[in-house]
Amino acid sequence: MAAKTRSSLLIAGALSMVAMLLWPVGTGSAQSPPVVEPAPDGRELLMPPCELGARGAAAAEAGTVKLVMCDDNLTIGVATTAADITFYPRFSPDRHSYVVHVADDVSEVVFKGLYNPRSEMEHSDVIQRPGWSFLAVDSDAAYMPSYPHAARAIAGNNGGDRSAAHVRLSAGVTTVELQPNHWFKRYGASLSEAAGWDWLTSSDKIARKTYTLELVWQSPDTPLAAPDEPALAATVDYDTDDDGLIEVSTLAQLDAVRWDANGDGYSDHGGPLHEGFPDAMAAMGCPAAGCTGYELTADLDFDTNASGDADAGDDYWNGGHGWVPIGADAEHFSGIFEGNGHVIANLYINSNNDTQSQATGYARAEVVAAENQVPSLHLGLFEELASGGAIRNVSLEAVSVARDFSCRSYQKYRCADGFVGGLVGKSAGMVSGSHVTGTVSNTITDGANSRNAERAVAGGLVGYALRSSVINSSSSAASVSAHHATASAVGSRVGGLAGINRGTIAAAYATGAVASNGDPAARLPGHFVGGLVGENSGSIAASYATGAASGGFERSGLVGLAIWPARVADSYWDASASGTSLSAGGAAKSTVQLQAPTGYTGIYANWNVDLDADGNADNPWDFGACNQYAWLKSAGTRPATGQPAPVIATYSISAQASAVEGNAATLTITLSKAAPSGGVQFAVTAGYGGDSSATADDVGTIASPVTVSSGDTAASVTVPTAADALTEGDETFTVTAASGTSCWVPSGDGKDTATVTITDDDIPGVTVTADNPVSVDEGSSATYTVVLDTQPTESVTITATSSDTEAVSVSPASHIFTTDNWNMAARFTVTGASDDDTQNESVAVSHSITRAGAEYENVPVSTVRVEVTDTTTPPMQRSAIELPGPPTEMTLSSSASGEVTVSWQPPTTGGDPDRYIVHLRPQHGGKGKTKTPKAKKTVVTYSGLTPGETYRVWVRARNEAGKGERVHATITLPEQ
């Protein structure tokens, strides 16, 4: 054999699909050197430790490489070779690349794979069990003597001659890729995958890793060097509290739980656990004793795009199928799943022949045609809970889990049962402290052979509970239904909590409606509906149901069908709420009987049960303080939402009411059911601030408490309001009703609070009280009063103006009403002027608001008419003297110095004047000036006037017969 030197092999072969780092193992034959400690990259730490088993001591054979594969891993633990084949550097579990020197007298190398497989692949099975494995040898020089036309050489999964791969050597270097493969999903090829070996070596249901070997043969000049060690990149602790439960805070992590069925922190069969838990520390950071499951540390919501509905924008839409249940892909879950009271919202599953096939490859059309059967998943958050597994304290809200299969049976073939539950489709483990709301349904649309047909089974929490199963301290408020198109005896099983129960149920209840297409009038066999359980052959204790039941052979309030050795103890159903007095177990009770007790007495005397089998009662129930159904404490306040435990009795108060100020508004408190004995009291209080504009001064005293009498469902609340005179617009305040006990809660947000509107009846106005008209003699006075109608927000100034100040004067000229004196009448005095004529005068005294707030700014004020009676003794009549006519040619002129000159000519009609009267006054009010020049003077001048002001001027002639007609004119002085 030629001398060997070291060669350099650079990078490991490509990792296909799911690549896992190697784990330290023992050596093989005596020629295998000690194993080197691994240098992981993080993902391989999610694989279980390598256990070689008995095959680890496989005997060496000349010209043969026996690759001993780790059980449930993708690691080549040992390469056992004879002296004619040598690995450089040593075959160690932390490398993916090797140089292998082969003796010159060996013309080909035989590869054999030795596994400890969990199960062999059976090609006739539709459901492939995970764990099947094989070793592929990829090289241009590789072949299989037993299968000369195979596309790829398979080194087998048992190492026999039929599964040996041969590689013909060429002088120099022959490259070989070894590919360990593990089947980690349960199904065959999907519709998009090809038939034959191609899909086995490329399917996303198979995890694989690639090792690269360079076989050096008859090549004396190939140098050797060790490859670089991989860098450590595993830093994340996923069990930070070291309680043995790996923490789940995202939907991606929840989705990854399916690849670790026993919860030990290691991937099953190479499943992609690392996709949810990247860069995990060794064993996920679990304590020395290891992990046993997973726990929620946050609420989760499947409506990832927050659209309000399940749609293609959600992360787990899966082509319309929605969520693929945990355990449907690989092993059924057997670890612990602790919800810690967190909520998983909007779980959506819509599984039918098409969507299931698209999402999983399961129930492929060609398989259905070949096998004459329709395999189906069980549906729920988990497909199947294995014996020893436990789901605790999980709350599912607003689930929508539906199965609708078209199913036919022929001869010996039958449709595989597809059980449907909100939480678990099929359970052999324990479910405790868990609760479901939403809808659950199971529909079979095509008929089937009556002897072998599939049952349509649905339960709000669990579809099918096996004999080893336990359900306690759990509830369902989901509406549950099943439909079966056939009239066969197989029919349907519908239960508010569980469709079929073979195990133990204790301290549980269901409140949702249950329904089947079975017609009670026709008494079709096989269709059984129960408010709690559809079919029971197990035990039920300390439980109840209230949901309306319809359909079924005999619709049943608690249990639809009992099969020996079924046992029901201390369990009841509400006969009125369910609409039936029938049940295959339990006792019918009225609503009053079920809601009357407030503790472990009467019909509930035996309900303080021991749920954890420690010999002590666990006090799971809360009966409330008034008439309501018992509820489980595990359904109470949750850490993330802070929502209170559900109660049955609710109330509301009228949303709104109104009253004119000074009157009372009426509100109504309405109960969801009749008040119990003693009635229900409510404290009623008024509230101010925020959006309210009223104050306590606007509201009278509300009589409180208000009692809804026993047997009644409503009571009135009288809310008095206070009258005032302030113009302020309508005002609002709130009235809140608070129950005197914790048993009665508002029926929704804000349902305990009403808004009351006080309608303002105060209209701004001014009342002028005066005779109509006011009569005075010359030289005498009279009075009238002015007062505001409503209280102003600001002071109001009212100014009085006489239309003829020579005839009538008014005092005071103005009056100020304040917010305090607004309702005290102001007295105005009018005085008739004395003159020497003998005529009566009629003068208007007008009023205007010259200053006020917005509400009084444009309010009109009445005018007072003043009649002045002339008291001058008339002179002796002289028939020869006539009253003078009006002056003529009156002109006005002004100067910049504030003077106005008035000129005129004597009248051209009537008697001759002996004097003139000239009067000047500001047009907009103010004191006037009067001059009385003798008849010979026809011009006068006024000085000291205001620049820019407009003045009104009149001139009249007088003689012994009296005063003649006035002549008027106006003039505006120029601005300085």
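The torsion about the S-S bond of Cys50 and Cys70 is about -80 degrees, so this disulfide is left-handed. Here a disulfide is any pair of cysteine sulfur atoms within 2.5 Å, and for Cys50 and Cys70 the S to S distance is 1.3 Å. Please keep in mind that this is a predicted model, in which local features need pLDDT of at least 70 and side-chain atom pairs count only at pLDDT 80 or more, while totals for chains, interfaces and linings use all residues. Residues are numbered from 1 along each chain as its sequence is written, and side-chain values use heavy atoms, with hydrogens and water left out.

Cys50 sits in the segment before β1 (64-69) and Cys70 in the loop between β1 and β2 (76-80), so the link bridges distant parts of the chain, 20 residues apart. Helices (H or I, at least four residues) and strands (E, at least two) are DSSP runs, numbered from the N terminus. Searching the whole structure gives two disulfides, and they are set out below.

| Disulfide | S to S distance | S-S torsion |
|---|---|---|
| Cys50 and Cys70 | 1.3 Å | about -80 degrees |
| Cys286 and Cys291 | 1.7 Å | -105 degrees |

The link of Cys286 and Cys291 is left-handed too. Are Cys286 and Cys291 buried or exposed? Both are buried, where buried means under 20% relative accessible area, exposed over 50% and partly exposed in between (1.4 Å probe, protein chains only). Cys50 and Cys70 are buried as well.

Now to the rings. A pair of aromatic rings is described by the distance of the centres and the angle of the planes. Rings of Phe, Tyr and Trp (its six-membered ring) pair if their centres lie within 6.5 Å, with planes under 30 degrees apart counted as stacked, over 60 as edge-to-face and the rest as tilted. The structure holds 26 such pairs. Tyr238 belongs to the loop between β12 (211-217) and β13 (245-248) and Phe277 to the loop between α2 (251-256) and β14 (293-296), so their pairing ties together parts that are 39 residues apart in sequence. Both Tyr238 and Phe277 are buried.

Trp317 and Tyr348 are stacked, because their ring centres are 5.6 Å apart and their planes are at 10 degrees. Trp317 lies in the loop between β15 (300-301) and β16 (336-338) and Tyr348 in strand β18 (residues 348-352), so this pair ties together parts that are 31 residues apart in sequence. Trp317 counts as partly exposed because its relative accessibility is 23%.

Further along, one aromatic cluster includes Tyr509, Tyr544, Trp607 and Phe623.

Strand β57 (residues 796-802) has six of its seven residues buried, so it is largely enclosed by the rest of the structure. Which strands pair with β57? Two strands pair if DSSP finds at least two bridges between them. β57 pairs in the antiparallel sense with strand β59 (residues 814-817) over four bridges, and with strand β61 (residues 841-851), also antiparallel, over six bridges. Val796 stands opposite Phe817 in β59, whereas Ser802 has Val845 of β61 as its bridge partner.
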